[in-house]
Amino acid sequence: MKLDVDVLRYLSKDDFRVLTAVEMGMKNHEIVPSELIDRIAGLKHGGTYKVLKNLLKHKLLHHDSSKYDGFRLTYLGYDFLAIKTLVNRGVFTAIGRQLGTGKESDIFEVATEDGTVHAMKLHRLGRVSFRAVKSKRDYLLHRSSYNWLYLSRLAALKEYAFMKALGEHGFPVPNAVDCNRHCVIMSLVQGYPLSQVKQLQNPDIVFETVIGLVVRLAEHGLIHCDFNEFNIMIDDNEKVTMIDFPQMVSVSHANAQMYFDRDIECLFKFFKKRFKLSFHENKDECDASESDVDENGRPCFSSIEKTAGFLDKELSASGFTRKDQDEIEKFIEGQSDSDTGYDEDKTVDKGCLHDEDDEANVSNLDNLRLVDQQVLPSVSCDDNNEMKGNQRSCEVVENNGTESEASEKEDDNRNQGEDDATLIKRLSKQRRRAILAARGGRRSLASRNSYKDKGGKTSYNSKIQKQMASF
């Protein structure tokens, strides 16, 4: 949607009051009911409905009456709320031309009261070109439901925090001025995107500078994740500036190495194709213990150490939290204590102990089974001293054992049959109760129609016949 700031001049306080009421209602509603908007705005004499009609005309709100009569903010209405707040703060006083359009943002020129020109970035997540935000970004964290306006606000806050922290640590980034809702104000970079540059006087120096920035970010604990020719600005003096930071993650992220290698590969491909830089084609894995780069000159992620700082911890970057860091430190301390507390001669293999215990348990079970099989014959054979008597007694005991086993099996089958019958009865009762509960305790239609006639011609005729019989 095109940003037309001419409408902003003619909006009154009541208009912004109603817009703010809709924004507050969208915290708990996807479509805010008109009654709730009227209650939050608190305008007199039904003025809320007149204002809603005016805002609909300028496309600052969207009306939806599919389920109930309600409204929601559009991106243009959200833009006006952010711009009005920043103007009231005195951040800027005028809006100029549009500088660029991306898959998730629009950039405009703004001017302050003294004539200084800044850049205003409006995040617009949810476009057709980029809707896989849930799988590509971590703005949602543990949330299951989301709103595009809310996601845009989270992206703006994240970018403002990263930009301000990187600027304080000496990285070539725009100066962060202010932030409100989904709008970020930053200093205007006097340069061009590297994707629009056809020739460079010193492409080797620019390439080394850009690769050095990727490595320096990793030393501070961060990975850009989208470091390519579209997010690198270069001026006439070939000075490099980084932009676009909401997708940055920590080096402790599960996919940190993949993101790091992807950024490096994008830069190698671009400089090789655009500026004809020569690189080795062999792609061998690097050894972290030998050097920081492989044979092709590519930096190795495993050899980079966080020696410059912990920006990922300070900014709570994705993949790194303070709770996780505390747990890792406790684990490392406990592991070091266990290594120093025991000698190599006193160490015991726990896996071998478990195996021996399992074998002993199995042998004990086998011995118990053999003893159970030999109990009855041994007792019966000890009663008589002669072999014949022993044989007869053993046979009798064995026969008695088989008969008793057969009788026990029959009793078990009978008991099982009785248990099955009682179980079936219980299930049928539960089924009937469930059917009655589903019908709300009402009887079936057939039972309701089986009542006697409570009125009508048939009952009236029966009454007359009874009266005639009595006379």
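This report describes the salt bridges of a predicted model.

## Basis of the values

The model is predicted, so local features need pLDDT of at least 70 and side-chain atom pairs count only at pLDDT 80 or more, while totals for chains, interfaces and linings use all residues. Residues are numbered from 1 along each chain as its sequence is written, and side-chain values use heavy atoms, with hydrogens and water left out.

The structure holds nine salt bridges, each being a side-chain nitrogen of Lys or Arg within 4 Å of a carboxyl oxygen of Asp or Glu. One of them joins Glu23 to Arg181, with 2.9 Å between the closest N and O atoms. Glu23 belongs to helix H1 (residues 13–25) and Arg181 to the loop between strand S7 (176–180) and strand S8 (183–187), so this pair ties together parts that are 158 residues apart in sequence. Helices (H or I, at least four residues) and strands (E, at least two) are DSSP runs, numbered from the N terminus.

Asp178 and Arg89 also meet in a salt bridge, at 3.1 Å from N to O. Because Asp178 lies in strand S7 and Arg89 in helix H4 (residues 75–89), the pair links parts that are 89 residues apart in sequence. Asp178 is buried, with a relative accessible area of 15%, whereas Arg89 is partly exposed at 45%; buried means under 20% relative accessible area, exposed over 50%, and partly exposed in between (1.4 Å probe, protein chains only).

Arg298 forms a salt bridge with Glu265, the closest N and O atoms being 3.3 Å apart, and Arg298 counts as buried at 13% relative accessibility. Elsewhere, salt bridges that share partners join Asp79, Asp106 and Arg124 into one network.
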